[in-house]
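I opened the file to look up a few local features and note them down. The entries follow the order in which I checked them.

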Amino acid sequence: MLNYRQVHLDFHTSEHIPNIAERFDARLFAKQVKEAHIDSITCFGRCHHGWLYYPSKAQPEMIHPHLENERLLLDQIEACHAEGIKVPVYTTVQWDGYVAKHHPEWLCRDEKGEPINSQGVPEPHFYYTLCLNSDYRTYFKEHLVDMIESVTPDKLDGVFMDILFRTDCQCEHCQKEMKKHGYDVTNKSDRLAYSDEMLRIFKAEISELIRQKAPKASIFYNGSHVGFADKHHLEAYSHLELESLPSGGWGYDHFPITMRYARNLGKPVIGMTGKFHTYWGDFHSYKNLPALQFECFNMLALGAGCSIGDQLHPDGALSPASYELIGKVYEEVAGIEKWCRQANQAQVEIGVLTPEETWRPGSHSLRISPSIIGVNRLLQELNYQFDIIDSEMSFDRYRVLILPDIVEVTPLLVEKLATFTSHGGAVIGSFKSLVENQAGAEFFGIEFEGLSPYHRDFILPNDRYGRELPQEPHVMYLQGASVKTTKAETLMATVKSYFNREGETFCSHQHAPAQNELGSPALTRYQNRVYFSHPIFESYRHNAPRWIKVLLAEQLVEFLPDKLLTHDGPSTLLTTVNQSEDSQLALIHCLHYITQKNTETIYTIDEVIPLHDIHLTYQIGSRSVKRVTNALTGETIFAKEEVGKLLLDIDRIDGHLVIAVEFE
């Protein structure tokens, strides 16, 4: 069973620091961990500097040169096990400062033969990437066996292997293997495709080794993101850990997008944030309590367990303030954990097709496109329950599918979508999704003519669509597609601009205004298939124009008149619904935390702003309600049943509320 209250305890420790672990006290360490309500803590076997923290038999020279207690890892494990706390063991894979310095022949190389610095920072660092096709592979396997045997298989709870990602490596080892397997070494896409296949084989090989040596150990490979590219590697994993520090480069969009996809992959999942104000290695910093609460409670709301990143001081002593902070959050997690374990299957009505399935390297960070961020924000703000899926997954759970902006045709996708709509499902697509392919365009009853001749044009609401908006032109900030209808009905037209800001033509500060002349369709419908000709989701990510939200909401209301969960709170109130496998228990998670950008670079959460007198309506179908309670306090929540509905009156939401609905 996957633990729900974990800490990932980094210990990347320089050889230039003396007296390592001089203040480590095993009993105090375990006591602090237990008092913080932690049930699993990942500790270090080997760090990015290349040093070991256990009494290695095979590589004693690699034990940290200033480590005062060579049994550090073993003592951490023994003390925590005595308190019933698991201790998975961390090791690095493709970053190792010592190996990079002493074995440059094992480094990944770019087209110029230079080492690949995956973080793009100047020296000193340990970010040169190690090639898994070189003799380093043997070095790593020997290290792994040594670590397992030193800990002993019966005491090894798990192995967390860090830093594995596709690399455009053009070293002699990779070129040789690519040619052997028929890849074009001159083509970047081929090189990256080979790298992905090489990683899959490497993970399978390593997992087989671990399962032979320590069959009960959990296994995870970390590449800072889990998505479609990792889907076919998953036999090598026991579970998934979604590294996603909102203030550390991932932002608050990354985790919900990744989790809404990962929860459909058939593996137990935990989320991972950090107790740091910024990023790993941020010593002596402390996240705002409301931010850490939201990040962990959002993991539970989306069906994951929790992991919080920390970094042990070189002297080996845990920070009391950090574990007081973590303990405050994990005490609340412990209080609702039993409910979350029982009801951890998302109840959803919409499936969003991920553009990541056809992701091209360099197109967007962490394989998260602006369009998927836009649709995630819109659906959260509009309070819909949704998954993010790929074209290989079943569509049967959903009533509406959304294809945001850049979903390409894959084998059988159009056929699957046609079957879905023939059975009553609805599809909403936008911009280039499907339509650059003839079969995809025909699916929407249109013909794709190319990009709009205007970098910015306009849409014109009417008395049917956009009816709550002024019936005047509204600017669309990103270039759309030019289409004409073949079978579809035009629901809304574009309005032409006078000209683009190019050559000798320009007007005012940004773009020319609208002409009094309609252009090509902006919104079309063919049967239950709706198409927006603009990249509405990326546009919402960039500028969040209200008119896009209004137009999307109209279509969703039409296709989902009996929305699964409604509330009369603000759009900042996030909700999810999870239920048990037998549908006898549903958990409604309500989260109200406001993210703020008070800095140049990061968002955070400073305070909890309560909500009062919130009313929710939950569609329960033919089920009969037995009891409705606050899962955190056990108090009864006032609820009234109507035909197929449960009406709930909530006096107050202080950041986080979990409503347990038990059925007869």
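What are the helix and strand percentages over residues 377-438, and how far apart are the end C-alpha atoms? I note that the model is a predicted one. Over residues 377-438 I find 26% helix and 21% strand, with 30 Å between the end C-alpha atoms. I took the range from UniProt, where an unreviewed entry annotates residues 377-438 as "domain: Beta-galactosidase trimerisation".

Entry: helix packing.
I looked at helix α10 (residues 370-381) against helix α13 (residues 536-543), and their axes come within 7 Å and cross at roughly 80°. The range for roughly perpendicular is 65 to 115 degrees, so α10 is roughly perpendicular to α13. From α10, the contact uses P370, S371, I373, G374, V375, R377, L378 and E381. From α13, the contact uses F537, E538, Y540 and R541. I sorted the residues of this contact into 6 nonpolar, 2 polar and 4 charged.

Entry: the open sheet.
I traced an open sheet of 9 strands with mixed pairing, in the order β11-β10-β12-β13-β20-β19-β18-β15-β16. A493 stands opposite P521 in β19.

Entry: strands around β24.
Strand β21 (residues 565-567) runs antiparallel to β24 (residues 611-619), with 3 bridges between them. Strand β27 (residues 645-653) also pairs with β24 in the antiparallel sense, over 8 bridges. I followed T617 of β24 to both partners: T566 stands opposite T617, and in β27 the bridge partner of T617 is L647.

Entry: two residues and their contacts.
Is D315 buried or exposed? D315 is in the loop between β8 (305-311) and α9 (320-342). Its relative accessibility is 11%, so D315 counts as buried; the cut-off is under 20%. Not counting residues up to four places away in sequence, D315 touches N19, A21, E22, R23 and F24.
H589 lies in strand β23 (residues 585-591). At 1% relative accessibility, H589 counts as buried too. Leaving aside neighbours within four places in sequence, I list among the contacts of H589 the residues L300, A301, C340, L574, H656 and V658.

Most residues other than glycine have a negative phi, and most peptide bonds are trans, so I looked for exceptions to both.
The peptide bond from E123 to P124 is cis, with omega near 5°. I place P124 in the loop between α3 (97-102) and α4 (136-151).
L412 is not a glycine, yet it has a positive phi of about 75°. L412 sits in the loop between β12 (400-403) and α11 (413-422). L434 likewise has a positive phi, near 70°, and its place is in the loop between β13 (426-430) and α12 (438-443).
L434 counts as buried because its relative accessibility is 2%.

Conventions. Residues are numbered from 1 along each chain as its sequence is written. This is a predicted model: local features need pLDDT of at least 70, side-chain atom pairs count only at pLDDT 80 or more; totals for chains, interfaces and linings use all residues. Side-chain values use heavy atoms; hydrogens and water are left out. Axes are lines fitted to C-alpha atoms, for helices over the stretch in contact, and angles run from 0 to 180 degrees between N-to-C directions. Helices (H or I, at least four residues) and strands (E, at least two) are DSSP runs, numbered from the N terminus. Angles under 35 degrees count as roughly parallel, over 145 as roughly antiparallel, 65 to 115 as roughly perpendicular and the rest as oblique. Contact means heavy atoms within 4.5 Å. Ala, Val, Leu, Ile, Met, Phe, Trp, Tyr, Cys and Pro count as nonpolar, Asp, Glu, Lys and Arg as charged, and the others, Gly among them, as polar. UniProt positions are given in the numbering used here, feature names are shortened, and annotations may be inferred rather than shown by experiment. Two strands pair if DSSP finds at least two bridges between them. Buried means under 20% relative accessible area, exposed over 50%, partly exposed in between (1.4 Å probe, protein chains only).
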